[in-house]
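Please examine the structure shown below together with its sequence. The paragraphs that follow lead through its features in turn.

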Amino acid sequence: MKNIYLVFILGLFLNLNATSEKFIKEMSYEDDYQIALEKAKKENKSIMMVVSQVTCPWCRKLERQTLKKKKIDALVKENFIPLSVDKDKLNYPKKFKVKVVPTIFFINSKDETIIKKILGYKNKKDFREILEKVL
């Protein structure tokens with residue numbers, strides 16, 4: 001019985017990790033802060049950085065139920081360079097302090113200042129309103 005439980009937990013952990021990586025690839029998000037910063041400067045855009053963790057179910061929910069929606073995705077990509085990083089991996093820029101995941105930063109690419117910081121999951125309606133205020 002213990003082995004079945006261990007296999008279940010391991011499968012869940014691996015599936016959560018794959019979901020985020022799959023999301024980044026499928027949605028064409030950057031996964032490296034420096035590359036996103038260079039791209040944002042070149043295109044004269046700000047960065048929208050989503051900070052998550054592998055084991056965060058709210059992060060996956062944000063990806064599936066909010067960020068993947070066509071209207072949200074179009075608004076994001078039209079106005080920002082989207083970036084997704086894992087708080088526990090090397091691609092996370094430590095200068096942005098995070099206590100809660102998911103956290104979304106809107107970052108000015110010219111001076112790397114934070115325009116707005118959003119904590120926790122937001123549904124598509126609330127997230128769209130936030131995007132419109134940031135713009």
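**Aromatic pairs, sheet and disulfide**

Across the whole structure, a search finds 5 aromatic pairs, where rings of Phe, Tyr and Trp (its six-membered ring) pair if their centres lie within 6.5 Å, planes under 30 degrees apart counting as stacked, over 60 as edge-to-face and the rest as tilted. One of them joins Phe23 and Tyr29 in an edge-to-face arrangement, at 5.0 Å centre to centre and with 65 degrees between the planes. The model is a predicted one, in which local features need pLDDT of at least 70 and side-chain atom pairs count only at pLDDT 80 or more, while totals for chains, interfaces and linings use all residues. Residues are numbered from 1 along each chain as its sequence is written, and side-chain values use heavy atoms, with hydrogens and water left out.

Phe23 has a relative accessible area of 3% and is therefore buried; the term means under 20% relative accessible area, with exposed over 50% and partly exposed in between (1.4 Å probe, protein chains only). Tyr29 is likewise buried, with a relative accessible area of 6%. Elsewhere, ring pairs link Tyr33, Phe96 and Phe105 into a cluster. The ring of Tyr121 has the charged end of Lys61 over it, 4.9 Å from the ring centre; this description requires NZ of Lys or CZ of Arg within 6 Å of the ring centre and within 35 degrees of the ring normal.

The sheet comes next. It is open and consists of 4 strands in the order E2-E1-E3-E4, with mixed pairing. Strands (E, at least two residues) and helices (H or I, at least four) are DSSP runs numbered from the N terminus, and two strands pair if DSSP finds at least two bridges between them. Strand E2 (80-86) and strand E4 (114-119) are at the edges, each with a single partner strand, so one side of each lacks a neighbour in the sheet. From one strand to the next, the twist averages 15 degrees; axes are lines fitted to C-alpha atoms, for helices over the stretch in contact, and angles run from 0 to 180 degrees between N-to-C directions.

Helix H3 (residues 57-67) packs on this sheet, touching strand E1 (46-52) and E3, and its direction makes about 135 degrees with that of E1. Contact here means heavy atoms within 4.5 Å.

Strands of a sheet pair through backbone hydrogen bonds, either parallel or antiparallel. E1 and E2 pair in the parallel sense over 7 bridges, and Leu83 in E2 is the bridge partner of Met49. E1 and E3 pair in the antiparallel sense over 5 bridges, with Thr103 in E3 as the partner of Val51. Strand E3 (residues 103-107) is also joined to E4 by 5 bridges, again antiparallel, and Lys116 in E4 is the bridge partner of Phe106. These two strands, E3 and E4, form a hairpin with 6 residues between them, and Glu112 in the turn has a positive phi of about 60 degrees.

In a regular strand the side chains alternate between the two faces of the sheet. From E3, Thr103, Phe105 and Ile107 point one way and Ile104 and Phe106 the other way, and all are buried.

Finally, the structure contains 1 disulfide, defined as a pair of cysteine sulfur atoms within 2.5 Å. The disulfide is formed by Cys56 and Cys59, whose sulfur atoms are 2.4 Å apart. The torsion about the S-S bond of Cys56 and Cys59 is about 85 degrees, so the disulfide is right-handed. Cys56 counts as buried at 7% relative accessibility, and Cys59 counts as buried at 2%.
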